[in-house]
Amino acid sequence: MAMDTTAEIETDLDIIKLMSMGPMAPVANPHPIYAALRDEHPVFNTTNFAGAMEESGHQSFIITRYDDVKYVLRNDKIFSNEINQRTIGVVMGPTVIGMDGSEHLKHRTLITPSVTPRALKGDNFEAVVEKKAHDTIDAFIASGVADLHQDFCFKFPLAVFVSLLGLPSDDLDQVHRWGIDLTLIASDPEKGLAASEHLLNFLTPIVQKKRENPGSDMISVLVTAQINGEKMSDYEVVSFLRLLVLAGAETTNHLLGTACYALLHDADLMQRVRDDRSLVSALFHEAMRWEAPIGTIMRNALEDTEISGVAVPKGSTILCHIGAANRDERQFKNPDAFDIDRQDNEHIGFGYGRHYCAGSHLAKLEAEVAINAILDRLQDLKPDPDRVSRMIGFSFRGPESIPVTFKPA
Ligand code: HEM
């Protein structure tokens, strides 16, 4: 597997072009652009570019420095999540990701038990995840070659999710396709809205059934959760599930892909982690930092304010670039290096503040189980020398393919 070869084509890319190319822009290395922004325009006015749903004349800023991103995410009374409701909320419906203040707190309390591994399946949970990882590997192991992106990283997190929901695995591919289409809302609204509608029609009767006859699966936990006697409506539960479909389709898969990509490009690292599995946790966190699977998150300013001395008018959109902040040389030594020995790796790949990823424990558990299963089952795992693998994406980021050869263990 060769490293990416597209650097020359990308030299004339600027940030506006990059953003306009969509969430999975086929750009192998946007980091020089981010570094220039951090140095020269850390609070960059990208007015009129905030996605198809923004009105013209609207002010938009992209922030790329670690401290600035943390500042915005911490100050949730000034920088609101409501913009998410107007954008991605169009396909999901009302979810925590678009809520502020006490409304957010209430809903976050209601959904938290449904994404906490132990609360879901008790001590048995890890075994369920392990089985899904091995089943996924079983499907390709005999051939000795694979594209780990397509054959594993894409399939495994969704297989776990479908099992958590208590759905038959036949539904996996369809749910996955709808999940991917949801992300297209800005570039292809028709497709995004159609996927949203399909998921609503698919999930509503399932939610209704679980309300009548709850079990121990994720949907049952959601329909029975209550705070001060209040429960989520069927529509709110479906909306949250649509958010999780997206989380399953577009996050953990990229993270797993990046971790595999890093191992495959450094034979010494691969051997170290093979020999000492206590390093899998550091590998996970360094992959989260090095190529944040969710590169950007949005906020809107509720009042006239400023960020690092730059005036930000009320109503402005702020694109917080987690991926750029995670490579900020003001925070991380030698930030472009993939270094699992890094001390104090306080990456913000899971966000920061009150909207910090509610599924981070689940994501970490899945990733650690997956990496261990790959290392246990695929011996002599190497990049396929005849095929190229490269990282792609702007808002979501990970390898587009991971061609490998191996010997089944
Ligand atoms: C490697 C995988 C994942 C990454 C990189 C990731 C990243 C993030 C980030 C950056 C946020 C903050 C969004 C914001 O502040 O606007 C977030 C929020 C969230 N994530 Fe994840 N996530 C991952 C996996 C998951 C999984 C597996 C689940 C659930 C099963 C999940 C559920 C959520 C939820 C519910 C929120 C909203 C929390 C809130 O608004 O209070 N995530 N995630």
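Three bridges connect strand E4 to strand E14 (residues 403–408), and the two run antiparallel. Strands here are DSSP runs of E with at least two residues, helices are runs of H or I with at least four, and both are numbered from the N terminus. Two strands count as paired if DSSP finds at least two bridges between them. Within this pairing, alanine 146 stands opposite valine 404 in E14.

This is a predicted model: local features need pLDDT of at least 70, side-chain atom pairs count only at pLDDT 80 or more, and totals for chains, interfaces and linings use all residues. Residues are numbered from 1 along each chain as its sequence is written.

E4 and E14 belong to an open sheet of three strands, ordered E4-E14-E11, with antiparallel pairing. Its edges are strand E4 (145–147) and strand E11 (378–383), each of which pairs on one side only. On average, neighbouring strands of this sheet are turned by 30 degrees against each other, direction ignored; the axes are lines fitted to C-alpha atoms, and angles run from 0 to 180 degrees between N-to-C directions.

The chain as a whole has 19 helices and 14 strands. Its C-alpha trace spans about 60 × 60 × 40 Å along the principal axes.

Among contacts with a separation of 6 or more, 70% link residues 24 or more positions apart; a contact requires C-beta atoms, placed from the backbone, within 7 Å.

How values were computed: Contact = placed C-beta atoms within 7 Å.
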